[in-house]
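I opened the notebook to write down what I looked up, one topic per entry. The sequence and the structure come first.

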Amino acid sequence: MTKRLWIVLPAFALALALLAVPLSGCDGGGRATNELVVTGSTTILPIAEIAGEMFCDNNPGYKVLVSGLGSSAGIETVTRGSSDIGTASRDLKDEEMDLGLYDSPLAYDAIAVIVHPSNPIDNLTKEQVRLIFNGTYTNWSELGGRDLRIGLVNRDEASGTREAFYKIAMEETPFDRTAAVLPGTGQVRSVVAQAEGAVGYISLGFVNDEVKSVSVDGVDASAATVVDGTYPISRLLHFFTVGEPAGLAKEYIDFVLSDEIQQGIVIDAGFTPISAGEAL
Amino acid sequence: MDGDPRTDVDGTNKGNLQLMSRSTYIKETTLKNLFLLCAFVAVMGVALIFLFVGWRGWPLIADIGVGSFLGGAEWNPTDGLFGILPLIWGSVVVMAGALVLGTPLAVGTAVFLSEIASPKMRSLVRPAVELLAGIPSVIFGFFGLIVLRPLIAQMTGGLGFGAVTAWIILAIMIVPTIATLTEDALNSISPGVREASYAMGATTWQTIYKVLIPSAKIGILDAIILGMGRAIGETMAVLMVVGNAPVFPEGVTVPLSTLTSQIVMDMPYAAGDHRTALFGMAIVLFMVSMGLVAAVRLISRFQTSISGGR
């Protein structure tokens, strides 16, 4: 009987260990003056968060608190002073222009429309893209292609890419609800790569040889066309601060704009580095 | 164990005959209570989950009405439309097809294992079936997504997402559940029945078809109902192959969605009424599994009353 205790007890101990959630944050010792609060766009959240952790590792004693509430909330909190940096995946609206916000763009977010490599369609207008994704076109022959059913691949609603595509390409009109909804960029890409009639959209940085990216309004999706602003389905990601960034906020923004982050996380997240513009 | 510990734990023989030391007595009592606690945790778990899901999910159902929640034809949370009928339909379609494909496969496996296979063959096949039950569902889903879906996409010219893909994957997944329970049912038929059939000159096939399957039919029915529960509750594998379009599908090779997969898809971003609606869907799933368990219990009781009446 005693032996059974040795089976039961470790099980309880394991359960306790699992309950003990590790405390997050990079440096628990940071004081309020050493804190930087970054709030806003969920699209920028992964970059801001990982950059924040790396920033803390490089500068012990500082604390970067990152949260994603949406671009409008980011602009509002930084204006009210409850955050130090507001992040936004859209430009300022007219009524936000005179809030005294300073814009430090950190990356381009461009979305490529992708099809199967065997699809003869090379170019679509932005309006055609919208009509494909709202279900008006159902066969590639209606667009001058082969007689093949269009297989729509959409992203889930939690996706920042879907949000951006919805705003820029769909102009906030509804998607076709019979489209397949997939929970990841990788899945969209592999499904489009394997089905001849498929069409989907992914961040430009994730396009590879498995799929064909069509040009939109005659403009190829590439770093160059994104930077010069001719590729239509793209947007800038911004850090907003009240006045020019100073102190900790400046150090953090400079760090995000450094090659380490731009060539690392920014590219890994599928975005186009802001420095791509300087290289041209 | 030495002696009969129960006598002492109950205290009936105390002072009269010392069957175990005091430390053994304490150990026994502690363990008894520990196991009682374990059983209690299971019961409490079910009760708490039910209460929690009901508490979180009920407000929306009460608000929009049971009819328009269960019977609403459009699931579009962003526009405030919370009709889950397309999802219920999706769950039913996926489950029914999986049962149609999976049941013959599973019953066939069980008959083979219990009646036909040589002991050597059995020792090969049975572990394989048991292993099938142990494979995590995400691996089935992954297989469906990477291997099966492109095949179906090639054959149909579509994306490969849809009911057919889910049927095939789920049919394989429910085989162990149904096969194991069916084999138990076949093995519990008294050997005399089998011997009598062969003694009458029946062939193996006649014995299986005319004698064994009919005698085990209630056990097989139980097995199918439990397989049904597995199919309707399966989430991860289904999520990966159905395509997750919350609409009434126009065919079996176009995307559809189920209750379970939609809950997972929406969870990361759902807030407010939408989140409440997801809990409402959980209530529906809870009711379905309660219904299935109740059905199994009723059938078992029915069987007992028949054999008891003999």
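How many residues of domain 1 of chain B are in contact with residues of domain 2 of chain B? I looked this up and found nine residues of domain 1 in contact with nine residues of domain 2. I noted at the start that this is a predicted model.

**Entry 1: the domains of chain B**

I looked up the bounds behind that count. Domain 1 of chain B covers 22-69, and domain 2 covers 84-309. Taken over C-alpha atoms, the centres of these two domains of chain B are 27 Å apart. I then asked which element gives the most to the side of domain 1 that touches domain 2 of chain B. It is helix α2 of chain B, residues 22-64, with eight residues. I sorted this side of domain 1 of chain B by class and got six nonpolar, two polar and one charged residues.

**Entry 2: where the chains meet**

Next I looked at the contact of chain B with chain A. Chain B puts 21 residues into this contact, and chain A puts in 22 residues. On the side of chain B, α2 and α6 (137-156) each supply at least two residues.

**Entry 3: the domains of chain A**

**Entry 4: strands of chain A**

I followed β4(A) to its partner. It pairs with strand β9 of chain A, residues 212-216, in the antiparallel sense over three bridges. Here A:Val113 stands opposite A:Val214. Strand β5 of chain A, residues 123-124, also pairs with β9(A), in the parallel sense over two bridges. The bridge partner of A:Leu124 in β9(A) is A:Val216.

**Entry 5: nonpolar cores**

I looked for the largest nonpolar core and found one of 121 residues. Those with the most contacts inside it are A:Ala112, A:Val153, A:Val192, B:Val94 and B:Leu170. Helix α7 of chain B, residues 163-187, gives the most to this core, with 16 residues. A second, separate core has 13 residues, among them B:Phe69, B:Phe82, B:Ile84 and B:Leu278. I then checked the contacts of A:Val192, leaving aside its neighbours within four places in sequence; they include A:Ile114, A:Val153 and A:Val211.

**Entry 6: two glutamates with positive phi**

Last, I looked at A:Glu171 and its phi. The angle is positive, about 50°, although A:Glu171 is not a glycine. This residue lies in the loop between α5 (160-168) and β7 (180-182) of chain A. Is A:Glu171 buried or exposed? I counted it as exposed because it has 10 C-beta neighbours inside 10 Å, and 12 or fewer is the cut-off for exposed. A:Glu172 also has a positive phi, near 60°, and is found in the loop between α5 and β7 of chain A. With 7 other C-beta atoms within 10 Å, A:Glu172 is exposed.

Notes: Residues numbered from 1 in each chain as written. Chains lettered and ligands numbered in written order. Predicted model: local features only at pLDDT ≥ 70, side-chain atom pairs only at ≥ 80, totals over all residues. Domains from an automatic or database assignment. Contact = placed C-beta atoms within 7 Å. Helix = DSSP H or I, 4+ residues; strand = E, 2+ residues; numbered from the N terminus. Nonpolar A, V, L, I, M, F, W, Y, C, P; charged D, E, K, R; others polar. Core = buried A, V, L, I, M, F, W, Y, C linked by C-beta atoms within 7 Å. Buried ≥ 20, exposed ≤ 12 C-beta atoms within 10 Å, placed from the backbone. Pairing = 2+ DSSP bridges.
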